[in-house]
Amino acid sequence: MAALYKELQPVDAYNIRLPQTFSDYDRQLLTLFYQPLIGPDAMGLFMTFWADAERENGQTYNHYHLMNILTMPLGRVFEARISLEAIGLLRTYRKKDGDIRTFIYELLPPLDAKAFFTDPLLSTFLFSKIGEQSYRNLRARFTLESLDIKGHEEVSRSFLDVYTPFQMGHNGDLDDAWKLEGRVEHEGIPFVNRDFDFDLLRSGLTEQMIPLSALNAVSREIIEKLAFLYSLTPLDMQKVVMMALDEDLGLPVDRLRKSAAEFYKMNVSKEAPVLNKVYVQEPPKQTGKQLTRDEELVYYLENTTPIEMLRDITGKEPLPVDTQLAERLIHTHGLPAGVVNVLLQYVLLRNDMKIVNKFVERIASHWMAKEIETAKAALDISRKEHDQYMKWLKEGQKQPARRKPVREEKVPEWFYKKEDKKKKVSSKEAADIAEERRKLLEELGVTGNGVD
């Protein structure tokens, strides 16, 4: 499994392509059929892509936009994206130019109800997610009642009954018409089961048992999907094929699907099969040892939006002026989200939990000149240049006649114990906290007088 930073970064740009306008029918299919399969994260990502694509201005976004609007870390955004790709709702194209990556996300329409229920993987996956009764109700809702035309005679006119040909001149050659795009038909989920051995399947089925023409009439994809879904070997599928033969030695797809389900119930499990995700994003780990607190902190800062970080460290919703500052640093000045997180956290901890815009912007200008691009590099330079930054802070502050010493903040406890509630402390507890504060600041490389 590739590390997340190799797959995606918040600063990576992307455009959205919507080949055709989606309808209200598509929205119903996405909500009722696909949402139980892909979950709310992937559904939210698709709807965000859809909304942004309908602006029709070809705007370029970066992935911080998705992290911010979905209030999700980058890892969850990436998992949501690959869920859409796997289910056949999204195609992703990537272009690399040195260290710069750009993506194109092409939205695909959902399968219609008939095609969805015909697909063995999707229909069974939905059945396992919502249960038998809900599945039957949903199927009945989208089943078109047959039209009773008994006793009626069709009197519809054909095209030629109504229209006659019109001879166009030389200047009206239709062969020179523009190339037009029709609706992109959903091709189903991208699926290839390379592990299934068709030669072994055929080797056990003689012409006397089943005509080769009957087996060839069923697409390889259907057989691969059924074998994958029900965990069937080629030898198992031989038995399924024999069970599915009709009286004319034909192999209807409906009978093949039903036979596969019956074989699964008789030999594997009475419960419907469940599909699990293979990809799960995990924090980076070093072989043979635990992550240090610094490594955990870097991972958190690189994969959290500044708004979420401010919410975590203060325990309340950040003020609009602070969120606007964070967004300006990212969108206008191009600082990575992880670097902005370190900058805002540093200023909060060193300035009595208050953000001073001019102080933040002065440090940001310094980091831009130093080409600081990662949270780790930002942590390192904040420790190294701590004395200089404190000097800048004092220069920007008004000096009152009698000024109480500025309280130093400890390393944020919310990072390690986010669920802890604030408690009143006794004088003894306060002394213990002061000692703990000193030790934690030393771990960050910052002492009361400066850096180590």
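Q: What does H2 lie across, and at what angle to S1 does it run?
A: Helix H2 lies across strands S1, S2, S3 and S4, and runs at about 75° to S1. Angles go from 0 to 180 degrees between N-to-C directions, with axes fitted to C-alpha atoms, for helices over the stretch in contact, and contact means heavy atoms within 4.5 Å. Helices (H or I, at least four residues) and strands (E, at least two) are DSSP runs numbered from the N terminus. This is a predicted model, where local features need pLDDT of at least 70 and side-chain atom pairs 80 or more, while totals for chains, interfaces and linings use all residues. Residues are numbered from 1 along each chain as its sequence is written, and side-chain values use heavy atoms, without hydrogens or water.

Q: In what order do the strands of the sheet come?
A: The order is S2-S1-S4-S3, in an open sheet with mixed pairing; strands pair if DSSP finds at least two bridges between them. S2 (61-62) and S3 (90-97) are the edge strands with a single partner each, so one side of each has no neighbour in the sheet.

Q: And how do S1 and S4 pair?
A: In the parallel sense, over 5 bridges. Ile16 stands opposite Tyr105 in S4.

Q: New topic: which residues of H20 are buried?
A: In H20 (residues 386-395), they are His386, Tyr389, Met390, Trp392 and Leu393. Buried means under 20% relative accessible area, exposed over 50%, partly exposed in between (1.4 Å probe, protein chains only).

Q: Where on the helix do the buried residues of H20 fall?
A: They fall within an arc of 155° seen down the axis, so they line one face of H20. The arc is taken from the directions from the helix axis to the C-beta atoms.
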